[in-house]
Amino acid sequence: MKRPIIAGNWKMFKTPSEGSAFVDEVMKLVLDHEKVDVIFCPPFTALFNMKDAFESGKHFSLGAQNCHWEESGAFTGEISVGMLKDCRVQYVILGHSERRHIFHEPDEWINRKVHSVINGNMTPILCIGETLTQRDEGETEAILDKQLQLGLKGIDSLDNIVIAYEPVWAIGTGLTATPAQVSETHQQVRDILNQLYDTEAVENVAILYGGSVKPENAKELILTQGVDGFLIGGASLKVDSFTTIIENVELSI
Ligand code: PGA
């Protein structure tokens, strides 16, 4: 099994001071859980405040939730890769379903962002996933295929990429995909990637699952075939639930 990645996507929660206090507390509690890579993805405003906590590297890293693809320019409200790098950001979540559905980000933008993040020597966490209607209509694989083909267009290596499979119907709803659905879909993702990259690269790429991951289902999900870690929303906001998930994952591997 690969080193599991547990990423917390805070979305639009926590001020800079709340974020720093939270990270300090979590780090103290899970300092010894060195078999798991933990990524905190706070809102932009908290990144600068939190960056010193990530000085030593170890198994903790800082991630952002979005970025713009240009280096600088007249893009009101946007943040560049260089700005994130200066805050010691190592990962950037791209193509999250909330960005796709609420902010109407097209695959073409997501692809440009993937390129910029990689060119900036950071790792994109490329999110993909189907809606409930698409699943019910048997379109899951076609949707994932489109999101992967377009999102990764022009990217010749998977070396510095993390994929997060997040069924839209499981995000923030309390509905979790069953282990059977998760393993089947993760296999579909690998099959699609196998058409684009060599087998070894596809075996090595981390594919996270996201969608209502919580302490109660973390053990079962981390042991599910094809799951290399989690992207967690709601349960990453509380010290208790986030640290319990990290502990449960470390105990299970
Ligand atoms: P959730 O969110 O864990 O609250 O379902 C997951 C995500 O949006 O990444």
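Modeller: Before we start, a salt bridge here is a side-chain nitrogen of Lys or Arg within 4 Å of a carboxyl oxygen of Asp or Glu. And keep in mind that this is a predicted model.

Colleague: Fine. How many salt bridges does a search of the whole structure find?

Modeller: In general, side chains of opposite charge can pair when their charged atoms come close. Searching the whole structure for such pairs gives a count of 11 salt bridges.

Colleague: Take Asp-107 and Lys-146: what is the N to O distance in their salt bridge?

Modeller: The cut-off is 4 Å from nitrogen to carboxyl oxygen. The side chains of Asp-107 and Lys-146 do meet in a salt bridge, and the N to O distance is 3.4 Å.

Colleague: And how many residues apart in sequence are the parts this pair ties together?

Modeller: Asp-107 sits in helix H5 (residues 107–119), while Lys-146 belongs to helix H7. The pair therefore links parts of the chain whose separation in sequence is 39 residues.

Colleague: How do H5 and H7 lie: roughly parallel or oblique?

Modeller: Their axes come within 8 Å and cross at roughly 45°. Angles under 35 degrees would count as roughly parallel, so H5 is, relative to H7, oblique.

Colleague: Which residues of H7 does H5 meet?

Modeller: From the H5 side come Asp-107, Asn-111 and Val-114. The residues of this contact divide into two nonpolar, three polar and two charged. On the H7 side, the partners are Lys-146, Gln-147, Leu-150 and Gly-151.

Colleague: H7 also packs with H8. What is the handedness of that crossing?

Modeller: H7 (residues 140–151) and H8 (residues 179–194) pack at about 45°, with axes 10 Å apart. The two are therefore oblique to each other. As for the way H7 passes H8, the crossing is right-handed.

Colleague: Last one: how do H10 and H11 lie, roughly parallel or oblique?

Modeller: The axes of H10 (residues 215–222) and H11 come within 9 Å and cross at roughly 30°. H10 passes H11 in a right-handed crossing. Angles under 35 degrees count as roughly parallel, so H10 and H11 are, to each other, roughly parallel.

Definitions and conventions
Residues numbered from 1 in each chain as written. Predicted model: local features only at pLDDT ≥ 70, side-chain atom pairs only at ≥ 80, totals over all residues. Heavy atoms only, no water. Axes fitted to C-alpha atoms, helices over the stretch in contact; angles between N-to-C directions. Helix = DSSP H or I, 4+ residues; strand = E, 2+ residues; numbered from the N terminus. Parallel < 35°, antiparallel > 145°, perpendicular 65-115°, else oblique. Left-handed = near helix turned anticlockwise from the far one by under 90°. Contact = heavy atoms within 4.5 Å. Nonpolar A, V, L, I, M, F, W, Y, C, P; charged D, E, K, R; others polar.
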